[in-house]
Amino acid sequence: MSSLRLIFAGSPAAAVPSLRHLLASPHEVAAVVTRPDTPQGRKRVLTPTPVAEVAEEAGVPVVRAARLAPVTEELIALEADLGVVVAYGGLIREPLLSAPRLGWINLHFSLLPAWRGAAPVQHALIAGDETTGASVFRLVEELDAGPLLAMQSSPVGRHTTAGELLTRLADSGAELLSDTVDALAAGTATLTEQTGEPSFAPKLTLDDGRLDWTRPGAELVARLRGVTPEPGAWTTLDGERFKVLAGALAHDVAPLAPGAVDLRAGQVVVGTADTPLELSEVQPAGKKGMRAADWWRGRQGATVLS
């Protein structure tokens, strides 16, 4: 197996396991492309992406770019054999797309062609999928439509949140990606066209996290899991945003009117179209997250979420 000269493009924590695997491999990571530093925290301190931090610790040159067009010539000049993308957050277009000898590959956290787009894990959970996984494919100009090099499936888990599932897929997907790079280096990789009807997973907005209590309980739990931790599940209470940090279906509890909150069998529950939802952790406006039971003890009178 020959050693490949790589460009790695990624930004969030989910891309870090893949970068670490490649840094520990026989291949050379010639440069890392990542999003620019962003203000973080109350003091708005400029903070590098998790990928940038790992690359700089390893002594790898870092190219910070919100768009790749301004740095295209710089990246082409690296004469890389292969480009590798894991959640970079920007599109790779010509002439950069064809510049590496072996093109570009992408680790995507779904079983393609399911959930093409920016938020595959979140949409899979919201849709109630019981199985998801990771795919490695060759980049083409159409979004997440390139031929597959490798794929592995993974059970979702009944109570898993999007954040937890993404962490798990990032770890297992890093091994899948590393094996694929090795196969490309050895000349043993094969391409398979995607088959089936694609579904799409655009980036979630704040509105995607709103809980509509007139919907069935199972649907609400799926949405809660899918938007946790970002953008977060919420409703309104007394005209202010009220965050629901954790909850589950409350079985063997008598139904309530949609949005009505009550204490039933020691549980703080809220009515839905059918099975009530048990609230376990909430965050009222202007306060920190707390146990739902502690929040409930401080309430007086009728409580309705909307």
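Helices (H or I, at least four residues) and strands (E, at least two) are DSSP runs, numbered from the N terminus. The model is predicted: local features need pLDDT of at least 70, side-chain atom pairs count only at pLDDT 80 or more, and totals for chains, interfaces and linings use all residues. Residues are numbered from 1 along each chain as its sequence is written, and side-chain values use heavy atoms, with hydrogens and water left out.

Backbone geometry is taken up first. Most residues other than glycine have a negative phi, and most peptide bonds are trans. Arg44 is not a glycine, yet its phi is positive, at about 55°. Arg44 falls in the loop that runs between strand 3 (38-40) and strand 4 (45-47). Arg44 counts as exposed because its relative accessibility is 53%. Ala265 also has a positive phi, near 50°, in a residue other than glycine. The loop between strand 12 (260-264) and strand 13 (267-270) holds Ala265. With a relative accessible area of 75%, Ala265 is exposed.

The bond from Glu94 to Pro95 is cis, with omega near 5°. Pro95 is in the loop between strand 6 (82-86) and strand 7 (104-108). The bond from Glu230 to Pro231 is cis too, with omega near 0°. Pro231 occupies the loop between helix 6 (217-226) and strand 10 (233-237).

An annotated segment comes next. In an unreviewed UniProt entry, the annotation "binding site" covers Ser110, Leu111, Leu112 and Pro113. UniProt positions are given in the numbering used here, feature names are shortened, and annotations may be inferred rather than shown by experiment. Leu111 lies in the loop between strand 7 and helix 4 (120-126). Leu111 counts as partly exposed because its relative accessibility is 22%. Contact means heavy atoms within 4.5 Å. Leaving aside neighbours within four places in sequence, Leu111 is in contact with Thr131, Thr132, Gly133, Ala134, Ser135, Met151, Gln152 and Ser153. Pro113 lies in the loop between strand 7 and helix 4. Pro113 counts as buried, at 7% relative accessibility. With neighbours within four places in sequence again left out, the contacts of Pro113 are Gln194, Thr195, Gly196, Glu197, Pro198 and Ser199.

Aromatic rings follow. A pair of aromatic rings is described by the distance of the centres and the angle of the planes. Rings of Phe, Tyr and Trp (its six-membered ring) pair if their centres lie within 6.5 Å; planes under 30 degrees apart count as stacked, over 60 as edge-to-face and the rest as tilted. The structure holds two aromatic pairs. One of them, Phe242 with Trp295, is tilted, at 4.9 Å centre to centre and 50° between the planes. This pair links distant parts of the chain: Phe242 is in strand 11 (residues 240-249) and Trp295 in helix 7 (residues 292-297), 53 residues apart. Phe242 is buried, at 1% relative accessibility. Trp295 is buried as well, with a relative accessible area of 7%. Phe242, Trp295 and Trp296 form one aromatic cluster.

Charges over rings complete the account. A charge sits over a ring if NZ of Lys or CZ of Arg is within 6 Å of the ring centre and within 35 degrees of the ring normal. The charged end of Arg35 sits over the ring of Tyr88, 6.0 Å from its centre. Arg241 lies over the face of Trp234, at 4.8 Å from the ring centre.

Note on methods: Buried < 20%, exposed > 50% of the residue type's maximum accessible area, 1.4 Å probe, protein only.
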